[in-house]
Amino acid sequence: MNFTHYKLGYQKRGAVVEVTLSGSAANVRLLDNTNLQNYQKGRQHRYLGGLIKKSPARLEIPHAGTWHVTVDLQGLRGPGKSSVRVIQPEALAPLSEYTPKELSPLVQSVRHENREAQSVDGYDVFISHAAEDKNDVAAPLAHALVAEGLRVWYDDFELRIGDSLRRRIDAGLARSRFGVVVISLHFLEKNWPQYELDGLVTREMTGEQVILPLWHRITKGEIVQTSPSLADKVARSTSDFTIDEIAREIAEVIAQSEADREWS
């Protein structure tokens, strides 16, 4: 699938995204982080927009967050060139009244890239979990972290049919700054989660904080019986915090880590 991708970054609710096409028509999608990942992987996704035949097309940001625009032809004819600008809410008169000249100081620049040229430099967080904890914890946490603007290695996002499981996991572990480990009785019984944990522990031997433990339906005493070192780490429990609260705290930890690294 070939498309043009515009990264809009964080945008306020009510901002207007204006898409200008050089061809006669194109498929235009305004997506948040989660739905962009689903779209890129050919999964079901939600978006604003659709087949645009009249240019410029204007789409309103429904809520604050990180947003993206994709433009593709998918069977349509034309050069497929496009441009995007974002008009902030405070700059908006009624849409029929404003002019580009009046708004130009408040238009944010965005950069675009072709899907074929994209590459992921790394991930903010790797999610390690047992399959039994996927629906209750891992999946909603992955989406909540993406909504926080983080780059997430999560098996449903990254693994495709025919992949070498070990190689993809090794690559994800090596390229992720932190590992969220969903510790449960199921986790402690499974081989692959233990393999992932071993990789994260190896990285921590260098002195850097890597592992962010999340306890799910398990007590500290139960963890001590299997892994005393894990029980000693400050953790969050799904019995005390919501997934959204945990995701926000993880995002704060990563943001603070970035700030500390810049000051060091």
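Which residues have the most contacts inside the largest nonpolar core?

1. In this predicted model, the largest nonpolar core comprises 25 residues, and those with the most contacts inside it are Ile127, Leu141, Leu145, Val152, Tyr154 and Ile250. At least two core residues come from each of β10 (123–128), α3 (134–147), β12 (176–183), β13 (211–215) and α10 (243–263), with α3 giving the largest share, eight residues.

2. The buried residues of α3 include Lys134 as well as Ala138, Ala139 and Ala142, and these four are among the residues that Tyr154 touches, leaving aside residues up to four places away in sequence. Just after this helix, Gly149 adopts a positive phi of about 90 degrees.

3. Of the 13 salt bridges that the structure holds, one joins Asp72 to Arg29, with the closest N and O atoms 2.8 Å apart. This pair links strand β6 (residues 65–72) to strand β3 (residues 26–32), the two residues being 43 residues apart. Asp72 is buried at a relative accessible area of 2%, and Arg29 is likewise buried, at 11%.

4. The closest N and O atoms of the pair are 3.6 Å apart; Asp136 is partly exposed, with a relative accessible area of 43%, whereas Arg217 is exposed, at 65%.

5. Finally, a network of salt bridges links Glu18, Arg58 and Arg85.

Terms used
Residues numbered from 1 in each chain as written. Predicted model: local features only at pLDDT ≥ 70, side-chain atom pairs only at ≥ 80, totals over all residues. Heavy atoms only, no water. Core = buried A, V, L, I, M, F, W, Y, C linked by side-chain atoms within 4.5 Å. Buried < 20%, exposed > 50% of the residue type's maximum accessible area, 1.4 Å probe, protein only. Helix = DSSP H or I, 4+ residues; strand = E, 2+ residues; numbered from the N terminus. Contact = heavy atoms within 4.5 Å. Salt bridge = Lys/Arg side-chain N within 4 Å of Asp/Glu carboxyl O.
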